[in-house]
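Subject: Structure handover

Hi,

Here is the structure you asked for. Please open it alongside this note, which covers what turned up.

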Amino acid sequence: MSNPNLSVEIAGIKMKNPVMTASGTAGFGAELAEFFDLGKLGAFVTKGISLHPWRGNEPPRTTETPAGMLNAIGLQNPGVDAFISEKLPFLRKFDVPVMVNVVGHSVEEYVEVARKLTDAEGVHGLEINVSCPNVKQGCMVFGSSAKGIAEVVGAVRKATSLPLIPKLTPNVTDITETARAAVDAGADALSLINTLLGTAIDVKTRTFKLSNITGGLSGPAIKPIALRMVYQVSQAVKVPVIGIGGIMTATDAIEFILAGATAVQIGTASFFNPMSCVLIIDGIAEYARSGKVSDINELIGKVQLP
Ligand SMILES: Cc1cc2nc3c(=O)[nH]c(=O)nc-3n(C[C@H](O)[C@H](O)[C@H](O)COP(=O)(O)O)c2cc1C
């Protein structure tokens with residue numbers, strides 16, 4: 001069989017394949033570019049960007065857990081102006097759509113960052129992070145309620161013509177409620193999930209392993225939860241869903257596509273093996289070829305009862 005079509009489209013953004021980096025796990029591209037051409041990716045998603053530079057939390061900020069990791073980076077970033085002048089030119093060198101993850105302490109900050117990014121060259125979409133668990137104010141506070149998410153997404157919608165992709169938190173009772181609120185407020189697609197809130201304790205020192213006490217759990221440990229949420233949300237809304245959470249292999253990625261995801265993001269796996277994204281793209285192509293699937297879009301949401 002000839003090469004299957006792997007290209008997908010999210011909110012008008014054409015991607016060569018459904019594999020993207022997950023925000024905060026690939027910085028601004030420089031580290032991963034030492035391993036492979038970023039142009040191989042379906043899309044590159046940046047670390048969260050705020051209006052002003054953020055210092056992040058005090059170390060220790062990461063710790064390993066069984067089948068995963070906890071992080072409490074606290075969204076350390078150089079701020080939107082430095083991002084545009086110092087980081088974006090590097091990403092523009094690659095033939096890859098760039099989605100910028102946007103964070104803020106207030107609705108006004110989200111709007112201001114979105115405005116600046118709309119005027120910048122080489123930004124293809126905005127992933128609105130209303131789900132980061134590790135900052136004291138804002139962010140997850142907005143994303144944990146339908147009202148909060150509608151407020152942020154509605155305000156940013158008025159400020160930009162770029163595709164808007166809110167990123168949902170799993171730390172809610174019913175994720176379809178926040179998903180629907182985001183879509184009603186103008187979201188073009190949805191990313192899910194961000195990390196689950198957790199903690200870890202060192203019994204030798206009798207101290208928390210993270211200075212922030214709590215952190216976000218990611219990696220294989222969260223995959224079944226993410227997969228369930230992607231399935232539920234893709235049944236509840238009509239916009240494309242980007243599946244995230246514990247995707248380590250092409251098989252994991254295909255599971256998310258069958259559950260309803262149009263594309264997937266790879267996070268923790270890249271720490272384990274920086275070539276993960278490329279291996280997953282190749283593995284998806286191989287799965288399609290061997291299963292005589294001529295177009296990956298045919299598989300989206302095609303899971304059936306056993
Ligand atoms: C070290 C680290 C930093 C992260 N930073 C961000 C961030 O800046 N913005 C964001 O939306 N998500 C951030 N995340 C969450 C990931 O993008 C992703 O949603 C989560 O890790 C689940 O995917 P995974 O299991 O493949 O890692 C971060 C995750 C990790 C591990």
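The ligand has 23 residues around it, and S23, K167, G219, G246 and T268 come nearest. Here a residue is near a molecule if one of its heavy atoms lies within 4 Å of it. By class, this shell holds seven nonpolar residues, 15 polar and one charged. Ala, Val, Leu, Ile, Met, Phe, Trp, Tyr, Cys and Pro count as nonpolar, Asp, Glu, Lys and Arg as charged, and the others, Gly among them, as polar.

Before the details, some ground rules. The model is predicted, so local features need pLDDT of at least 70 and side-chain atom pairs count only at pLDDT 80 or more, while totals for chains, interfaces and linings use all residues. Residues are numbered from 1 along each chain as its sequence is written, and side-chain values use heavy atoms, with hydrogens and water left out.

A polar contact is a pair of N or O atoms within 3.5 Å. Within protein, one must be able to donate a hydrogen and the other to accept it, and residues adjacent in sequence count only if both atoms are side-chain atoms.

- T268: a polar side-chain atom lies 2.6 Å from a ligand oxygen atom.
- N129: a polar side-chain atom lies 2.9 Å from a ligand oxygen atom.
- I193: a backbone N or O atom lies 3.0 Å from a ligand oxygen atom.

On its own, the ligand has 610 Å² of accessible area, and the protein covers 96% of that. Areas come from the Shrake-Rupley method with a 1.4 Å probe; for residues, only the protein chains shown count as cover.

Pockets

Where does the ligand sit? The space it takes is the largest pocket. A pocket is an open set of points on a 1 Å grid over the protein atoms alone, where a 1.4 Å probe fits, with protein on both sides within 12 Å along at least five of seven lines; lining residues have an atom within 4 Å of a point. A molecule sits in a pocket if more than half of its atoms lie within 2 Å of its grid points.

The largest pocket holds about 560 Å³ of space. Volume is the space filled by probe spheres set on the points, which are joined across faces, edges and corners. Its lining has 34 residues, with S23, G24, T25, N71 and T195 nearest the centre. α9 (268-272) gives the most, three residues. Helices (H or I, at least four residues) and strands (E, at least two) are DSSP runs, numbered from the N terminus.

The second largest pocket holds about 270 Å³. It is lined by 13 residues, and G24, T25, A26, G27 and E31 lie nearest its centre. α1 (30-33) and α9 each give two or more residues to that lining.

Backbone points to check

Most residues other than glycine have a negative phi, and most peptide bonds are trans. The bond from L192 to I193 is cis, with omega near 15°. I193 is in the loop between β10 (190-192) and β11 (196-199). The bond from P59 to P60 is also cis, with omega near -5°. A11 has a positive phi, near 50°.
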